[in-house]
Amino acid sequence: MIAVCDLADDLRDAIVEYQFSQQKVIYEQNCTLIDAAELSVLNSCHRAKGAEFRHGDRRGCLRETRKGVLEVIESWSKDFDKPRVYWLNGLAGTGKSTIAQMIAERIFADGQLGASFFCSRDFEDRSNLKLIFPTIAVQLARNYADFRSIFVPLVQSDPEIAHESLYNQMKKLIVEPLEKSAISTVVMIDALDECKDVEPASAILSVLGQFISEIPKVKFFLTGRPEPRIRRGFRLPLLAKATDVFVLHEVESSRVDSDIRLFFRHSFSGIADRRGGRDDWPTEEQLNLLCERAAGLFVYAVATVQFIDRTTKNPEKQLDRLLQLPESTVYEGKVKLREDMTLDSLYVSILQEAFGDDDPGDDPTVRSVLGAVVLAANPLSPSAISALLGFDTEDVFPLLSSIHSLLALQEDIDQPVRPFHKSFPDFIVDPARCIDHRFHVSPPNHHVELLIGCLNLMNRTLEKNMCKLPDVVTNSEVPDLDERTERYIDSGLQYACKSWHKHLVDEHTARTPEITSILHWFLENKFVFWLEVLSVLGATREAVDALDVVTKWLEAPPTFELANDCFRFVIGFFEVIDESAAHIYHSALPVSPQMSMVRKLYGRHANPMARIVYGLPDSWDPAIVSMEYSCGAAAWSLCGRFIAISDGTFSNDGSRI
């Protein structure tokens, strides 16, 4: 009977693999048939890169594991009489994303996957709610010609549509084209809890609930931790009745333990084959103990294998060392009190194994490097971390290598490093969980350290025309712009220019003389060179966000007035800056107000294309921006800083009236 089951599984795997390869060929052929003009529109759409299931180094489930879960979800995906939304609900470390990857591969092989978005807090664009719907829409347009024929003209007529509200994005970019094209497909969103969302009920789910009845041929598969806002989102009346829920951490423990045991056996067999070892390693007793400590968490099993498989260590000794470590901490005993308890013990053990005997004077360096890994807005490479923090790369890379089992780390020092699982950042920033405070990362302190590091790096290295651009050109007219930016602006400086303000977390960040002094020097000496870099990187909007954050944070002159003047310069000449780094000097500076602080500081760099004799204003217009909007209701906030505009009203359950 076992042999028959194995044969059936082999046959099924072979069929899926064949279908996947065939579907991949079809997809690539379809992409070559897209008209060049349409392709240009799709490529220019505002979207998240690397969010699709085919990108990155994500892996599906090990064969023979999670079979029951996979079969249930696959059955749902093919039966359109079942609810159109499916929520795979699971605690941290239970394997949601691994299952999602496997499901994506199988649905893709069946030709049913229209789009996928794998959220990740490690990447700024993949944790941005406003990029989920545009990214999904672009994938649908690539996959379905009928959808594309509706989508492309829509984006051409309204290029800013991707920056509208979530409601408008869903309605215009996804629902209306799906209704008109009558496509039947499956859309996947993984790890929704990793997106930044301030709404009490998930904003994405609230919008999805309002439209799900209008697209009966489309199914949505979502995964996420059962966080309060996610639970509230799925409980909204319009969505609740259209949703099936699978609670992953409530699967019978014996089935999960069996899968984890199989994973351990497979992994240790591979280690023994590659590095040599006894046939009877590990023993049944060791396996039993590992499975007991994993307590149903696949992430524990993965981290354990990576710790044991350190290339510089003997695997058998590593396993013995791990099993000899205390089974419990102050927070953990024989009883698993919370889903993160067993992980806490493992993480502390790995950190102590790596740094336990080091000089206590090295602890600040360890914390600083770990802080850069877990708090960066986007993953940084070891070389970039070194540049930002002022350390030698020769010191940073070995430090990271010593805890490689907790990180996705490559041998190339210029490749980004990130936590291998989101549970590690959660652990290391929580002093109640990271009980060895030598390793605890305090977000407020380390955000300030990264902020100062970014500003110092920009102050040291920014200069005029860093990319050696030809004179009087727009960015689009430079054919090798990407190659120039990569050659002349290293990853550390790119990060600093795009993300320094994201470490000025909020108005409570201490206004120290060190920060204000460095910031003032930056605005006084490097401001327009910074705008140049953002322009060639296609990130001019970051300048608006950065200066908005800074002006709210600063309280006193003279830096406040300077930052505000810089803000007005960016707002006033946004289109010019965004289109051409060179025209900052040819067009923006020459026509800026005569009394502008930016003009006084940087006017010597201006290179006007014509001599302006008369008509320059003395100061900025009192109106920051003008807009036209047809609305049904509007209201000012009590503080007078915000205005709410609506083209309709909503009921208490979030439905549109």
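Guide: Helix α2 passes helix α5 in a left-handed crossing, a crossing being left-handed if the near helix is turned anticlockwise from the far one by less than a right angle, and right-handed if clockwise. This is a predicted model, in which local features need pLDDT of at least 70 and side-chain atom pairs count only at pLDDT 80 or more, while totals for chains, interfaces and linings use all residues. Residues are numbered from 1 along each chain as its sequence is written, and side-chain values use heavy atoms, with hydrogens and water left out.

α2 covers residues 36–44 and α5 covers residues 132–143; their axes lie 10 Å apart and the packing angle is about 160 degrees. Axes are lines fitted to C-alpha atoms, for helices over the stretch in contact, and angles run from 0 to 180 degrees between N-to-C directions. Helices (H or I, at least four residues) and strands (E, at least two) are DSSP runs, numbered from the N terminus. α2 and α5 are therefore roughly antiparallel to each other (angles under 35 degrees count as roughly parallel, over 145 as roughly antiparallel, 65 to 115 as roughly perpendicular and the rest as oblique). L39, L42 and N43 of α2 make the contact with V138, A141 and R142 of α5, where contact means heavy atoms within 4.5 Å. By class, four residues of this contact are nonpolar, one is polar and one is charged (Ala, Val, Leu, Ile, Met, Phe, Trp, Tyr, Cys and Pro count as nonpolar, Asp, Glu, Lys and Arg as charged, and the others, Gly among them, as polar).

Another pair is α25 (residues 541–553) with α26 (residues 559–572), whose axes come within 9 Å and cross at roughly 155 degrees. α25 passes α26 in a left-handed crossing. On α25 the contact residues include A543, V544 and L547, and on α26 they include F560, A563 and F567. The contact of α25 with α26 has ten nonpolar, two polar and one charged residues.

As for the whole, the protein has 29 helices and nine strands. Of its 657 residues, 49% count as buried, that is, under 20% relative accessible area, with exposed over 50% and partly exposed in between (1.4 Å probe, protein chains only). Helix α13 (residues 298–308) has nine of its eleven residues buried, so α13 is largely enclosed by the rest of the structure. Its buried residues include F298, Y300 and F307. Among contacts between residues at least 6 apart in sequence, 75% join residues at least 24 apart.
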